[in-house]
Amino acid sequence: MSARIHLFDTTLRDGAQTTGVDFSLADKIAIARHLDALGVDYVEGGYPGANPLDTELFREKRTQRARFTAFGMTKRAGRSAANDPGLAALLDAEADAICFVAKAWDYHVRVALEIEPEENLASIRESVQAAVARGREAMVDCEHFFDGYKANPDYALACARTAYEAGARWVVLCDTNGGTLPAEVARIVARVSEVVPGDRLGIHAHDDCGCAVANSLAAIEAGARQIQGTLNGLGERCGNANLVTLIGTLALKPHFAERYATGVSPEALARLTPISRAIDELLNRQPNRHAPYVGASAFATKAGIHASAVLKDPRTYEHVAPDAVGNLRRVLVSDQGGKSNLRAELERLGLDLEKDDPRLTRMLTILKEKESLGYAYEGADASFYLLVKRVMGEVPDYFDVERYSVNVERRWNARGQLTTVAEALVKVRVGGETRISAAEGNGPVNALDVALRKDLGRYQELIEHLELIDFKVRIFQGGTDAATRVLVEFRDGEGNRFTTVGVSPNIIDASFEALTDAIDYTLLKAGATA
């Protein structure tokens, strides 16, 4: 029987410490849904009580299958568990589990916490007991464990033992500074497993030596059964163990796949690439083209003997099949494959086309043409759905935009304040009638959005509750041919969210394309006719 490996994602907490990453509440909720669908066992949402965003996040559970986890410190020394506001915030959060962080290096206990080692052990013990008493699954992240073990193995082991004996489901060994090497991890985890059973041990590795994934796998080999990591390796400094890479390796490399099982099904595994890229799009980050398994270049081969061999048999230069993780094979002189991935995406959207349907070839050709211009559909399902439906001839011409103009003016208002005002004018033809609408907004895109949706005749009722809630811009080419990709997220009257994409050298044109796609998508889903 395969041993069960439990996947713990800390993107929303540890990943939030990435330079340049700032999650909104909507971002956290959306990412939690992706993680839930992927099949991870734990989603760590953040630190309730530490900031208003995380406190609001934990007002309700944000996952359906995964155990929603709150993170926080053990109780403060000198206070009882019943009289610690930080611990109270964790216990009151709508969470299935609580992950406590506790110092496991006596140097940190003395210098950072300025308390006695025994007081730290008491805080671990009493915090875990309080969580268990409230019906929460408790776990303890032993911070700086490997450095602490190398400095004082007896005290580090005492921290782990105390957490386990107090009732912690998981005792997680943290390589907080990211400086431990795989052989050291294997040796130390094996020693800890003599004190804490392996099926209660976890690993939390940082990537400062580029070894976070290797260290996590070494810990599994040594007996640990929980892996903590982040999507795409997000995290402070050099990042955390990349959970995307770990999932691919555990699922597809026989050395692990034949001995261990995770909660990620083959169907979910085939969504690994789209989910990885969707997270980057949501954070307005350029996806790493060279990322294992999911990068755009992970299965790309240039012309020459390599390309020739791949065309004969992909196994010559591929360690796993790209479609297993939802990626595509690319032979740069002649793109091969892709239909199976396209069909999988269509099935996900409820569209079933036979593999010999000629429209698949047309769709694939258009997708590649669009991608060459800078479009990316991993984070824009609504635009992808429209592209497919247009190829199938199932998108009516609801309206035609004859022209639009936008003016941005900086001026003094009646109160003598200097303000910037955007004004937009849109001329559209709907059902043979020409309509001209003008509107002001707090920016050119907002003004265009308001003007465009001000009067669409008989379609007006269907788009009244459409709301623009997020707007992201990326310049993805430099020089004189610089192009702009715009992602616009909307919410309809039923609370459903969807995203559209536009690309143009002109940011307003790109935004307008995304806006019109949003209206077309809303009308199509509503069953409107031309």
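Buried, in these legends, means under 20% relative accessible area, exposed means over 50%, and partly exposed is in between (1.4 Å probe, protein chains only). The model shown is predicted: local features need pLDDT of at least 70, side-chain atom pairs count only at pLDDT 80 or more, and totals for chains, interfaces and linings use all residues. Residues are numbered from 1 along each chain as its sequence is written, and side-chain values use heavy atoms, with hydrogens and water left out.

**View A. Threonine 180 sits in the loop between strand S7 (170-175) and helix H8 (182-192).** Helices (H or I, at least four residues) and strands (E, at least two) are DSSP runs, numbered from the N terminus. Is threonine 180 buried or exposed? With a relative accessible area of 0%, threonine 180 is buried. Look for its side chain meeting the side chain of aspartate 175 in a polar contact (2.7 Å). A polar contact is a pair of N or O atoms within 3.5 Å; within protein, one must be able to donate a hydrogen and the other to accept it, and residues adjacent in sequence count only if both atoms are side-chain atoms. Beyond neighbours within four places in sequence, threonine 180 is in contact (heavy atoms within 4.5 Å) with Phe146, Lys150, Asp175, Val185, Cys211 and Asn215.

View B. A polar atom of the threonine 176 side chain lies 2.7 Å from the backbone nitrogen of histidine 144. Once neighbours within four places in sequence are set aside, the contacts of threonine 176 are Glu143, His144, His206 and Arg237.

**View C. Lysine 103 belongs to strand S5 (residues 97-103).** Lysine 103 is buried, with a relative accessible area of 15%. Its side chain makes a polar contact with the side chain of histidine 108 (3.5 Å). Not counting residues up to four places away in sequence, lysine 103 touches His108, Val109, Ala112, Leu113, Asn120, Ile124, Glu143 and Cys159. What separates the C-alpha atoms of lysine 103 and aspartate 141? The distance is 8.4 Å, although these two residues are 38 residues apart along the chain.

**View D. The largest nonpolar core has 91 residues.** A nonpolar core is a set of buried Ala, Val, Leu, Ile, Met, Phe, Trp, Tyr and Cys residues joined through side-chain atoms within 4.5 Å. Val140, Phe145, Val171 and Val189 touch the most other members of this largest core. Helix H7 (residues 153-166) gives the most to the core, with eight residues. A second, separate core of 55 residues includes Leu342, Leu351, Ala380 and Phe399.

**View E. Helix H13 (residues 272-282) is mostly covered.** Of its 11 residues, 11 are buried, including Arg277, Asp280 and Glu281. Asparagine 284 follows H13 and has a positive phi, near 60°.

**View F. Helix H16 (residues 358-373) crosses helix H17 (residues 381-391).** Their axes come within 10 Å and cross at roughly 135°. H16 and H17 are therefore oblique to each other. On the H16 side, Arg359, Arg362, Met363, Ile366, Leu367 and Lys370 meet Phe384, Leu387, Val388 and Val391 in H17. Axes here are lines fitted to C-alpha atoms, for helices over the stretch in contact, and angles run from 0 to 180 degrees between N-to-C directions. Angles under 35 degrees count as roughly parallel, over 145 as roughly antiparallel, 65 to 115 as roughly perpendicular and the rest as oblique.
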